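Please walk through this structure starting from a single side chain, then its surroundings, and then the chain as a whole.

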Amino acid sequence: MPTTEAAKAKTKKSNTEKTPIDKQILLKAYQLMCTAKRMAETYDENKEVCSKYVHSTSRGHEAIQLAAGMQLKAYDFAAPYYRDESILLGIGMQPYELMMQLMAKADDPFSGGRTYYAHPSLNRDGFPTIPHQSSATGMQAIPATGMAHGLKYLEGQGLLEGNEKPLVLCSLGDGCVTEGEVSEAFQMAVLKQMPIVYLVQDNDWGISATGEEMRAMDAYDFVAGFTGMSRMRVDGSDFVDSYLGLRKAFAHVRDRKGPILVHAKCPLLGHHTSGVRKEWYRGDENLKLHSKDDPIVKLEKYLKGIGIPAKELKELNKHAVGLVAKDYEYALNSDDPDLASFDKHEFADTPIIEERGERKPKGAEKVVMVDAALHAVEDILKRHPEALFYGQDVGGTLGGVFREAATLAQKFGDERVFNTPIQEAYIVGSTAGMSAVGAKAIVEIQFADYIWPGMNQLVEELSKSCYLSCGKFPIQSLIRVPIGAYGGGGPYHSGSVESTLLTIRGIKVVYPSNAADMKGLLKAAFYDPNPVLMLEHKGLYWSKVPGTGEAKTYEPDENYIIPLGKARIDLEASEEAIENGESAVIITYGMGVHWAKAVSKDYQGRIEIMDLRTLNPIDWDAIQNSVKKHSRAFILTEEPLLNSFAESLAGRISKHCFEYLDAPVQTLGAANLPAIALNVDLEKQMLPTVDKVKVALEELLNY
């Protein structure tokens, strides 16, 4: 593997001016600028190889990026954006490492050939931590702010090791500041006075759209509306101005004076990306205008002005050119990924692999689901000081609209259990940042119908991190989601969304039907190192809905835990009915378990009820065994049936268990309509009911 020997700068001690920045830093910056420039040139000269996959370079942004990267400490955290290769060079990454990613090689240190150039996932001793993030512009602001939020929390609890004052650097292009999620991040940063520097690089282009077309103001002016956010402007093409400005900004944050935004004006001297080349949309006049602010030319002029000989600068450039050439050949001839590794790291291994504790301890009293969940969270907060719980209305004296967090804020304090603004994207996405710094977030979306603003973060940030970082950054995230319809909740508080969630790879989806399972599964979800969504049916919370009394169970002990992905047989059929071919299995979850129980009373001994409990990962072995045993299967859901998880599961059973079936797989769900009506009679007309389940079951048994 090639190594880089830093050029030994020999500065003349006479005829030089005193500089506000150490000359060795200036010379290192110059060499790295030359390196970045030569990398961009090499990629252009070898387009047939280097443009196989889309990439972007830092050409024109080198000064501000190096000023940032060279001042980050090993205990800091960073969230770069896709143009930030010079930040990576500045922290000490070598050209061949970045080239490995450019060519999607096996030894790409970030993703093993899975993700784009300059999309780092770095967890290496002696370097700042850079968790995985998507390339969707602006979306990194929320996970980055979540990192700062987590650091602020851990520091306040005395849980950070050492005496250092870590900060988070969040790098953004100016065009993405118009994204709503960026504003959510800014709002939370000032609300909680987080230790974060937002570095906004403004080259006045967003692909082919100009700043004039995209915004009414730049980021510096925009952020003035966020009270508590400090701000400064620097010349992003001038290394000295950039370095000194960021030195002040970093000191401001390390002194815990709150967040700061640094607006850096930069030229764009390269292409937007290799896929959108500058000659396609930029005229010669614009290119000439930007070239006047070439950071390398500016720094070279400055260095000569303080007495650095031109010969020495030429040597540094020569060293950079040689290094890039050598590293390019090394990367080019490196191995491609092992194809057998393509499906590794969808999930990190969970420590919870068996049921533990007592489900019905001696002297236990019955408890409703909402209280079982409350007690589980309380147990977690007692045992784990790094854990915190937040969402809309869960803090303070209310403790959630369903009282699912009642008393927790009073017991554990407003820093651990607190209300957020109405910001579903932040609630979801911040958990990625929390996980990266070692905080463990339990969060709540108030209703399943409100989860849609958080889907960007769930899909692009949480679900992909473990896979694209080759397991370096799994995201521990427990997201509670009250779900389902009952008693006139209407179109915005009654939706079932599990099928949409189950199309997202890289997340786990849990759906308990009773208090004991709620407690055991919630704890397993907390200890799982992957993103877990707990879907909690509102109609089962209090067992007030007719027919849901069995959702209230004896409360398990505080050590009770259930591994995710294990179904439970809630009701067994008789051996006689099975032998006579008179039985069927109803495979269901949530409210469906209680509909099935009510119907089964009319078919004594003929019905097995399988409560899936976890929808992903699903207990396929248990499903197959039951289908083979009974030869009749019924999938019951509350969701609209068309294109649903239930239909998908029915299709899978039909394919893999076809020779064991004595009847087509039966399915029943809600009517295929876009929303639940407010009127309670209309609601009943749309949803499954005991009577509807009975009709469908009768058809299956008599087939």
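**A residue in the core and what surrounds it**

I587 is in contact with M610, L612, I623, V627, F634, I635, L636, L649 and I653, leaving aside its neighbours within four places in sequence; contact means heavy atoms within 4.5 Å. The model is predicted, so local features need pLDDT of at least 70 and side-chain atom pairs count only at pLDDT 80 or more, while totals for chains, interfaces and linings use all residues. Residues are numbered from 1 along each chain as its sequence is written, and side-chain values use heavy atoms, with hydrogens and water left out.

I587 belongs to the largest nonpolar core, which has 84 residues. A nonpolar core is a set of buried Ala, Val, Leu, Ile, Met, Phe, Trp, Tyr and Cys residues joined through side-chain atoms within 4.5 Å. Buried means under 20% relative accessible area, exposed over 50%, and partly exposed in between, with a 1.4 Å probe and protein chains only. Within this core, Y198, L458, L501, I587 and I653 touch the most other members. Helix α6 (residues 141-156) supplies the largest share of the core, eight residues. Another core lies apart from it and has 63 residues, among them F110, A249, A264 and V324. In soluble globular proteins, nonpolar side chains tend to be buried together.

Helix α6 also holds K152. K152 is partly exposed, at 35% relative accessibility. Leaving aside neighbours within four places in sequence, K152 is in contact with K192, Q193 and P195. K152 and R256 are 104 residues apart along the chain, and their C-alpha atoms are separated by 9.4 Å.

All eight of the eight residues of α5 (residues 95-102) are buried: P95, Y96, E97, L98, M99, M100, Q101 and L102. These buried residues pack against α1 (23-45), α2 (47-50), α4 (85-90) and α13 (310-332). After α5 comes A104, whose phi is positive, near 55 degrees. Helices (H or I, at least four residues) and strands (E, at least two) are DSSP runs, numbered from the N terminus.

A loop gives another view. F447 is found in the loop between β11 (440-444) and α17 (455-462), and F447 counts as buried at 10% relative accessibility. Not counting residues up to four places away in sequence, F447 touches V401, F402, V481, P482, Y492, H493 and K538. F447 and E698 are 251 residues apart in sequence and 35 Å apart in space, C-alpha to C-alpha.

The aromatic rings come next. A pair of aromatic rings is described by the distance of the centres and the angle of the planes. Rings of Phe, Tyr and Trp (its six-membered ring) pair if their centres lie within 6.5 Å; planes under 30 degrees apart count as stacked, over 60 as edge-to-face and the rest as tilted. The structure holds 13 aromatic pairs. One of them joins F526 and Y527, edge-to-face, at 5.2 Å centre to centre with 80 degrees between the planes. F526 is buried, with a relative accessible area of 1%, whereas Y527 is partly exposed at 25%. F186, Y198, F222 and F226 form one aromatic cluster.

Charged side chains also sit over rings. The criterion is NZ of Lys or CZ of Arg within 6 Å of the ring centre and within 35 degrees of the ring normal. R114 lies over the face of Y467, at 4.0 Å from the ring centre. The charged end of K544 sits over the ring of W542, 5.6 Å from its centre.

How many disulfides does a search of the whole structure find? The search finds zero, a disulfide being a pair of cysteine sulfur atoms within 2.5 Å. The closest cysteine sulfur to that of C176 is in C170, 7.8 Å away, which is too far for a bond. C266 is in no disulfide either, and its nearest cysteine sulfur, that of C176, is 13 Å away. C176 is buried, with a relative accessible area of 6%, and C266 is buried at 5%.

Finally, the whole chain. There are 27 helices and 21 strands in the chain. Its radius of gyration is 29 Å, close to the 27 Å that the globule rule gives for 703 residues, so the chain is as compact as a globular protein of that length. The radius is taken over C-alpha atoms, and the globule rule is 2.2 Å times the number of residues to the power 0.38. Of the 703 residues, 59% count as buried.
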